[in-house]
Amino acid sequence: MIESGEKEKLMELLRERLVECGWKDEMKALCRAYIKKKGTNNVTVDDLVHVITPKGRASIPDSIKTELLLRIRAFLASAAL
């Protein structure tokens, strides 16, 4: 997938879909709320990653997951030929 450039295409598709559905803005809002709650000087990037990652993964729409899975399967099927 890396050599063919398919991985980068899938990553770009994922970025586009997450922006389109508002997921990126939702994650920004969660980060801002966490920083506001804890205070700017009391939050590290690691803190944000630890708190936001589970919420971010859980809130990715199933339609996006399905679309990516289908694209991966199609790529693998075409590569196996």
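In helix α2, the buried residues (under 20% relative accessible area, with exposed over 50% and partly exposed in between, using a 1.4 Å probe on protein chains only) are W23, M27 and Y34. Because they cover an arc of only 40 degrees around the axis, they sit on the same side of α2; the arc is that of the directions from the helix axis to the C-beta atoms. On the other side of α2, D25, R32 and K36 are exposed.

A word on the source: this is a predicted model, in which local features need pLDDT of at least 70 and side-chain atom pairs count only at pLDDT 80 or more, while totals for chains, interfaces and linings use all residues. Residues are numbered from 1 along each chain as its sequence is written, and side-chain values use heavy atoms, with hydrogens and water left out. The mean pLDDT (the predictor's confidence in each residue, from 0 to 100) is 94 for the protein, and 99% of its residues reach 70 or more. Confidence is lowest in α4, at a mean of 94, and highest in α2, at 96.

**Two helices and their packing**

Helices here are DSSP runs of H or I with at least four residues, numbered from the N terminus.

| Helix | Number of residues | First to last C-alpha | Expected span |
|---|---|---|---|
| α1 | 15 residues | 21 Å | 21 Å |
| α2 | 16 residues | 23 Å | 22 Å |

The buried residues of α1 are E6, L10, L13 and L18. They cover an arc of only 130 degrees around the axis, which puts them on the same side of α1. What covers them includes α2 (23–38) and α4 (62–80). For α2, the buried residues pack against α1 and α3, with contact meaning heavy atoms within 4.5 Å.

A nonpolar core is a set of buried Ala, Val, Leu, Ile, Met, Phe, Trp, Tyr and Cys residues joined through side-chain atoms within 4.5 Å. The largest one has twelve residues, among them L10, L13 and L18, together with W23, M27 and Y34. Helices α1, α2, α3 (45–58) and α4 each supply at least two residues of this core. I60 is another member; leaving aside its neighbours within four places in sequence, I60 is in contact with L18, W23 and K65.

**Charged pairs**

Side chains of opposite charge can pair when their charged atoms come close. Five salt bridges (a side-chain nitrogen of Lys or Arg within 4 Å of a carboxyl oxygen of Asp or Glu) turn up in a search of the whole structure. One of them joins the side chains of E6 and R71, at 4.0 Å from N to O. This pair links distant parts of the chain, with E6 in helix α1 and R71 in helix α4, 65 residues apart. E6 counts as buried at 11% relative accessibility, whereas R71 is partly exposed at 35%.

R15 forms a salt bridge with E8, their closest N and O atoms being 3.6 Å apart. R15 is partly exposed at 40% relative accessibility, and E8 is partly exposed at 49%. The side chains of E20 and R17 also meet in a salt bridge, at 3.6 Å from N to O. Because E20 and R17 are three residues apart in helix α1, about one helical turn separates them. E20 is exposed at 58% relative accessibility, while R17 is partly exposed at 23%. Salt bridges that share partners join E8, E12 and R15 into one network.

Key
The expected span of a helix is 1.5 Å times one less than its number of residues.
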